[in-house]
Amino acid sequence: MSEKFDCRDAFGKALEELAASDERVVVVVNDSVGSSKLNAFKKAFPERVVNVGIAEQDLIGVSAGLANGGKRPFVSGASCFLTGRATEQIKVDLAYSHANVKVCGMSSGIAYGELGASHHSIEDIAWMRAIADMTIIVPADPVETYQAMHAIHKFDGPVFLRVSRYPVPVVHPEGYQFEIGKAVQLREGSDITIIANGTMVTVALQGAELLAQQGIQARVLNLATVRPIDQQAILKAASETKGIITIEEATTSGSMGGAVAEVVVQNQPVPMRLLGFPGVFMPTGSVSFLFDYFGLNPAGIEKAAFELLGR
Amino acid sequence: MFIYLEDTLITDPKLLYEKSYEIRRHNMKTIVKAKLGHTGGDLSVTDILTTLYFGVLNVDPSNPTDPERDRLILSKGHCSGAFYTILAYRGFFPVEMLDTYEQALSPLNGHPSNTKLPGIEASTGPLGHGLPFGVGTAIAAKMDKSPRRVFVITGDGELQEGSNWEAAMSAAHHKLDNLTVIIDRNGLQQGDYTEATNRLEPLADKWRAFGWEVVEVDGHDHAALLDLFQRVPLQKGKPTCVLAHTHKGQGVSFVKDQVGWHHRVMTQEELAQALVELGEVQA
Ligand SMILES: Cc1ncc(C[n+]2csc(CCOP(=O)(O)OP(=O)(O)O)c2C)c(N)n1
Ligand SMILES: [Mg+2]
């Protein structure tokens, strides 16, 4: 688990393959070729890049039009501006209109660290989750990012794919097959369940390791698809373990943790702890500093587990 | 009470020039220390900001929320390095605080926030926020029948955001002659030239068509900038658009006009060379 990867590389590689095999695939960017790591793509397919400039509302509208014209647009730009500036365009032009556009939010979560709250994208999942018909995927590593790209290309309808730039190790075993809407169990356990996605899957696995040293067996689920949500896997965890911890690089208001809680509380209530960013604008700091500051680390998971188990 | 601070302002362009190079040197050192920053855009906007803060604006660092102060809104908030350096040199906070730029828990966040430091009117960073904000505060000044003036500095690539044009339209509609937008027209954005990305020209004509009084100026000529900013509004009942022709990376030969220097950080060797070019006296 030592070598770490920037998932934007897997994103770019998959996109080049898709463009090579499907001539309808186009990339739509907002002065974000470099920040999306699409320089190689631009070199290989210069005529398949539509750069609207720094104009996110236009970006989404243009993508909807491209889809209407028979293209398969993949929009790529910093997640904070895409999902924030263009929320209503995403709602109406893409979701309400069932446009076949893939919105790929780069450098999501707090990947921009020191650049501050304006550039953090911790609200994106909650915003997108409030919109009907948006499929939401938060891959954990380069393997899953790559596979998710191929999966959403086959999928008909608007998708929000959340890609980080924070280096992560490969967390999935050889032969892993990503499926939209399916949670995957990465570790067995019957005491509690840790549900994670994105950059926090690695942290969840480390937390489970720490708990194992204290005699607590934690199940770890990677819930990469936040919508449609895998009810079955969540309810199985709720009935087979004593509590659920969710951990994600997002606000705890309405993101993946909230989605899990909605399922749990209405069907099989068990105690939960939601780890993430608790509704505050972050102080200045690097990504790793901020993860520790907000307890998004193995120790934070241990603390939450102890609370749930009454230790 | 409103105190006019003309006495404290520098009116000798040569002194403004020297000040702007002192600020450039400090700023470049700060960026290299933090290993983060927007080298090109900072150097591009430094002369405009220095002229405004040291030669024009009616602001009082000891009373930064004086309701009658002039308002300066840096819409291209990624150029926080230049902005913070100038605010510190102008006395809004201690110069030593610049050492904490982008460090953990520092108020000197990568993009300026009005909740973190005195002297900052608007939290910026996401492009296209400054001009609408400027229209609002200019309308408020009109409502108060106040002589205070509003200056908004935008990037040129930034003008691709539609919000600017929505604001441009309303500024003319409301006859906001107390509002001046200064466009840092360096011809570059993040990944390419503006004209290769999403063409802005004919830019002056666009602003004129939106009802603004347009003037073009060399954005590195302190004398010209000072004279112009002292004179605005140029036309009663019309907002002023200053198209400031600038160079991204002005002052450092290997940064100047280069696409790759939007947010590249200098190496120690590059910094040493840059400081010589920026006039640092060698020991
Ligand atoms: C809404 C939004 N989209 C994208 C960005 C990313 N971004 C930061 S600076 C920049 C380029 C700005 O170019 P310009 O306005 O010309 O500024 P300058 O050349 O003075 O640095 C971009 C695209 C952003 N900050 N905000
Ligand atoms: Mg520019």
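## Contacts and overall form

Two residues are in contact if their C-beta atoms, placed from the backbone, lie within 7 Å. By this criterion, 78% of the contacts in chain A between residues at least 6 apart in sequence join residues at least 24 apart. For chain B, the corresponding share is 77%. The structure discussed here is a predicted model.

Chain A contains twelve helices and twelve strands. Its C-alpha atoms fill a box of roughly 60 × 40 × 35 Å along the principal axes. A compact globule of 311 residues would have a radius of gyration near 19 Å, and the 19 Å of chain A agrees with this value. Of the 311 residues in chain A, 60% are buried.

Chain B has nine helices and five strands. Read from the N terminus, its elements follow the order α-α-β-α-α-β-α-β-α-α-β-α-β-α. The C-alpha atoms of chain B occupy a box of roughly 50 × 45 × 35 Å, again along the principal axes. For 283 residues, a compact globule would have a radius of gyration near 19 Å; the value for chain B is 18 Å, which agrees. Buried residues account for 53% of the 283 residues of chain B.

## A sheet in chain A

Within chain A, five strands form an open sheet with mixed pairing, in the order β7-β9-β8-β11-β12. Its edges are β7 (184-187) and β12 (272-277) of chain A, each of which pairs on one side only. On average, neighbouring strands of this sheet are turned by 25° against each other, direction ignored.

Strands β8 (residues 192-196) and β11 (residues 244-251) of chain A run parallel and are joined by four bridges. In this pairing, A:A196 stands opposite A:I247 of β11(A). Helix α10 (residues 256-267) of chain A lies across β8, β11 and β12 of chain A, and runs at about 145° to β11(A).

## A buried arginine

Strand β10 (residues 225-227) of chain A includes A:R227. Is this residue, A:R227, buried or exposed? A residue counts as buried if 20 or more other C-beta atoms lie within 10 Å of its own. A:R227 has 20 such atoms within 10 Å and is therefore buried.

When residues up to four places away in sequence are not counted, A:R227 touches A:R129, A:M134, A:T135 and A:I136. One of these contacts illustrates how the chain folds back on itself in sequence terms: A:R227 and A:M134 are 93 residues apart in sequence, yet 7.2 Å apart in space, C-alpha to C-alpha.

## Where the chains meet

The contact between the chains takes 21 residues from chain A and 25 residues from chain B. On the side of chain B that touches chain A, six residues are nonpolar, 16 are polar and three are charged.

## The surroundings of ligand 1

Which chains supply the residues around ligand 1? Both chains A and B do, so the site is shared between them. Two elements give two or more residues to the shell around ligand 1, namely α4 (79-85) of chain A and α2 (39-56) of chain B.

There are 25 residues around ligand 1, and those that come nearest are B:G41, B:G155, B:G157, B:E158 and B:Q189. Sorted by class, the shell around ligand 1 consists of five nonpolar, twelve polar and eight charged residues.

Conventions. Residues numbered from 1 in each chain as written. Chains lettered and ligands numbered in written order. Predicted model: local features only at pLDDT ≥ 70, side-chain atom pairs only at ≥ 80, totals over all residues. Pairing = 2+ DSSP bridges. Axes fitted to C-alpha atoms, helices over the stretch in contact; angles between N-to-C directions. Near = placed C-beta within 6 Å. Nonpolar A, V, L, I, M, F, W, Y, C, P; charged D, E, K, R; others polar. Buried ≥ 20, exposed ≤ 12 C-beta atoms within 10 Å, placed from the backbone. Rg over C-alpha atoms; globule rule 2.2 N^0.38 Å.
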